[in-house]
Amino acid sequence: MHKSITTPSIAIADPNTLSAIGMQQILSEIIPSVDIKTFGTFNELQAADQGQFVHYFIASRIYFEHTAFFRDNAHRSIVLVNGDMQIQGVATLNVCQSQTLLIKSIMSLHHQGHQSVGHHSSHTLPQRNASLLSPREMEVTILLAKGLINKEIADCLNISITTVITHRKNIMEKLHARSLVDIILYAVVNGLVDVGEL
């Protein structure tokens, strides 16, 4: 019997709808090529699961209610926790942090070798075109990603604050960035900065 190939997906199982939607938005920015589904209960997740989910991002409550299932799928499971709680045998992600730090944590899971977001060869993290930016814009992007403010960037590059603001505006337009978080994400994904430098 010929088995049809399904599009790989990521599942988010969280009874808190706002949390699930927020995580879906962040993951879709990091890996836009993967389908991301949200579920309010374990039963909804299980009913939809036909082997297409490369990862489960699951609320800790759902994890503890269905530990056996997620332990059997530990290589695909990432438990969403409040604070720095660690759970032996499964990856955890602290959701009580800023969006920038949350993105950094997700990228760290990938870089640490956990079979995490985009680890499979056909779902690697998106490589946006770094040549989209001029060399000076790349320098400004790197410094922005490292947390420098306009005056510090101007001093570092020996340019005026007005020039920094102009570069920043151009970077935002070229990357279609809505916030500094998008610039940081671009810098990390394209290897302009290492996650450890943030």
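The model is predicted, so local features need pLDDT of at least 70 and side-chain atom pairs count only at pLDDT 80 or more, while totals for chains, interfaces and linings use all residues. Residues are numbered from 1 along each chain as its sequence is written, and side-chain values use heavy atoms, with hydrogens and water left out. Helices (H or I, at least four residues) and strands (E, at least two) are DSSP runs, numbered from the N terminus.

**Pockets**

- A pocket here is an open set of points on a 1 Å grid over the protein atoms alone, where a 1.4 Å probe fits, with protein on both sides within 12 Å along at least five of seven lines; lining residues have an atom within 4 Å of a point.
- Grid points are joined across faces, edges and corners, and a volume is the space filled by probe spheres set on the points.
- The largest pocket holds about 260 Å³ of space.
- Its lining has 16 residues, and Asp14, Ser19, Leu80, Asn82 and Val95 are the closest to its centre.
- Helix 1 (17-30) and helix 3 (60-65) are the elements that give two or more residues to this lining, and helix 1 gives the most, with five.
- Sorted by class, the lining of the largest pocket has nine nonpolar, five polar and two charged residues; Ala, Val, Leu, Ile, Met, Phe, Trp, Tyr, Cys and Pro count as nonpolar, Asp, Glu, Lys and Arg as charged, and the others, Gly among them, as polar.
- The second largest pocket has a volume of about 180 Å³.
- Of the 13 residues that line the second largest pocket, Gln86, Thr92, Leu93, Asn94 and Ser105 are the closest to its centre.
- Strand 5 (91-94) and helix 5 (99-111) each supply at least two residues of that lining.
- By class, the lining of the second largest pocket has four nonpolar, eight polar and one charged residues.

**Salt bridges**

- Side chains of opposite charge can pair when their charged atoms come close.
- The whole structure has eight salt bridges, each a side-chain nitrogen of Lys or Arg within 4 Å of a carboxyl oxygen of Asp or Glu.
- One of them joins the side chains of Arg178 and Glu29 (2.6 Å, N to O).
- This pair links distant parts of the chain, with Arg178 in the loop between helix 8 (161-175) and helix 9 (180-189) and Glu29 in helix 1, 149 residues apart.
- Buried means under 20% relative accessible area, exposed over 50%, and partly exposed in between (1.4 Å probe, protein chains only).
- Arg178 counts as exposed because its relative accessibility is 58%, whereas Glu29 counts as buried because its value is 10%.
- The side chain of Glu29 also makes a polar contact with the side chain of Gln25 (3.1 Å); such a contact is a pair of N or O atoms within 3.5 Å, and within protein one must be able to donate a hydrogen and the other to accept it, with residues adjacent in sequence counting only if both atoms are side-chain atoms.
- Another salt bridge brings together the side chains of Asp182 and Arg178 (3.6 Å, N to O).
- Asp182 is buried, with a relative accessible area of 11%.
- Through shared partners, salt bridges join Glu29, Arg178 and Asp182 into one network.
- Glu173 and Lys169 also meet through their side chains in a salt bridge (3.2 Å, N to O).
- Both Glu173 and Lys169 lie in helix 8, four residues apart, about one turn of the helix.
- Glu173 is partly exposed at 48% relative accessibility, and Lys169 is partly exposed at 49%.

**Nonpolar cores**

- A nonpolar core is a set of buried Ala, Val, Leu, Ile, Met, Phe, Trp, Tyr and Cys residues joined through side-chain atoms within 4.5 Å.
- The largest core has 44 residues, and those with the most contacts inside it are Ile10, Met23, Leu27, Ile30, Phe57, Leu93 and Ile106.
- Helix 9 supplies the largest share of this core, eight residues.
- Another core lies apart from it and has 15 residues, including Phe42, Tyr56, Ile62 and Val90.

**Single residues**

- Ile171 lies in helix 8 and counts as buried, at 0% relative accessibility.
- The C-alpha atoms of Ile171 and Leu133 are separated by 7.1 Å, with the two residues 38 apart along the chain.
- Asn158, in the loop between helix 7 (150-157) and helix 8, has a positive phi near 60 degrees in a residue other than glycine.
- Asn158 counts as exposed, at 71% relative accessibility.
- His176 lies in the loop between helix 8 and helix 9, and has a positive phi of about 55 degrees although it is not a glycine.
- His176 counts as exposed, at 69% relative accessibility.
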